[in-house]
Amino acid sequence: MKNLSWYISLAITFAGFTIISRFFTLEIGDSVGNINPAFIPIVLLIPFLLLSLFITFTVGSTYFTNASPGKLIAGILVALLIFVLAGGTEYQFISGEIEQFGGIWSAENSKIYGLGFLNGFTNDWYFNESVFLILHTTAFLVGSMKKQKIEAE
């Protein structure tokens, strides 16, 4: 039953991240209102994200319970590889966006100057597939390390 709830929370969270990234992020030429267009979807997504991260943490803490040291090392290396690849993709994406905007929200020459770190133009910096993978891989790794620490004591 825990795996079913994990799959459902992962699916809802991933769908939320994708929807915010694709449909609630403004293009450079769009006009900005007084509020971020993704405010309500972000507020609705946060409980599912927290639940998803918690269940991913608990799955990570039980995943390697009876694993051999080789399986443990291989699993952790795969998770670290996912983390590094997703992080590199995210870094390149954000760097390209910053170049298009002419700087971040605090740079005076930027097109998004004074809008704050989470605005309609930067929603996809925080809510996209790479961030989803980074957050859940981190929760899984921390959970697997927690279990190994308890077993070592």
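Start at Glu129: at 24% relative accessibility, this residue is partly exposed. Here, buried means under 20% relative accessible area, exposed over 50%, and partly exposed in between, with a 1.4 Å probe and protein chains only. The model is predicted: local features need pLDDT of at least 70, side-chain atom pairs count only at pLDDT 80 or more, and totals for chains, interfaces and linings use all residues. Residues are numbered from 1 along each chain as its sequence is written, and side-chain values use heavy atoms, with hydrogens and water left out.

**Stop 1: the salt bridge**

The term covers a side-chain nitrogen of Lys or Arg within 4 Å of a carboxyl oxygen of Asp or Glu. The structure holds one such bridge. Arg22 sits in helix α1 (residues 2-23) and Glu129 in helix α5 (residues 129-152), so the pair ties together parts 107 residues apart in sequence. Arg22 is exposed, at 52% relative accessible area.

**Stop 2: the whole chain**

Zoom out and colour by secondary structure. There are five helices and zero strands. From the N terminus, the order is α-α-α-α-α. Helices (H or I, at least four residues) and strands (E, at least two) are DSSP runs, numbered from the N terminus. Of the 153 residues, 35% are buried. Switch to the surface: the protein exposes about 9,200 Å², and carbon and sulfur atoms supply 70% of it. Accessible areas come from the Shrake-Rupley method with a 1.4 Å probe; for residues, only the protein chains shown count as cover.

**Stop 3: aromatic rings**

Select Phe14, Phe17, Phe127 and Phe132. Together they form one aromatic cluster. The structure has seven aromatic pairs. Rings of Phe, Tyr and Trp (its six-membered ring) pair if their centres lie within 6.5 Å; planes under 30 degrees apart are stacked, over 60 edge-to-face, and the rest tilted. How far apart are the ring centres of Phe17 and Phe127? They are 5.3 Å apart with planes at 65°, so the pair is edge-to-face. Phe17 lies in α1 and Phe127 in the loop between α4 (123-126) and α5, so this pair ties together parts 110 residues apart in sequence. Both Phe17 and Phe127 are buried.

**Stop 4: helix α3**

Select residues 69-101. Helix α3 has 33 residues and reaches 47 Å from its first C-alpha to its last, close to the 48 Å expected at 1.5 Å a residue. The expected span is 1.5 Å times one less than the number of residues. Buried residues in α3 include Leu72, Ile76, Ala79 and Ala86. Glu90, Glu97 and Phe101 are buried too. Step just past the helix to Gly102, which takes a positive phi of about 80°.

**Stop 5: Gly143**

Move to Gly143, in helix α5. Is this residue buried or exposed? Gly143 is buried, at 0% relative accessible area. Leaving aside neighbours within four places in sequence, Gly143 is in contact (heavy atoms within 4.5 Å) with Phe57, Gly60 and Ser61. Now pick Tyr63, 80 residues away along the chain: its C-alpha is 8.9 Å from that of Gly143.

**Stop 6: a nonpolar patch**

Finish with Ile35, Phe39, Ile40, Val43 and Leu44. These form a nonpolar surface patch with about 520 Å² of accessible area together. Patches take residues with over 30% relative accessible area and no salt bridge; like charges are joined within 9 Å, nonpolar side chains (Val, Leu, Ile, Met, Phe, Trp, Tyr) within 5 Å. Val43 is in helix α2 (residues 39-63) and is partly exposed at 44% relative accessibility.
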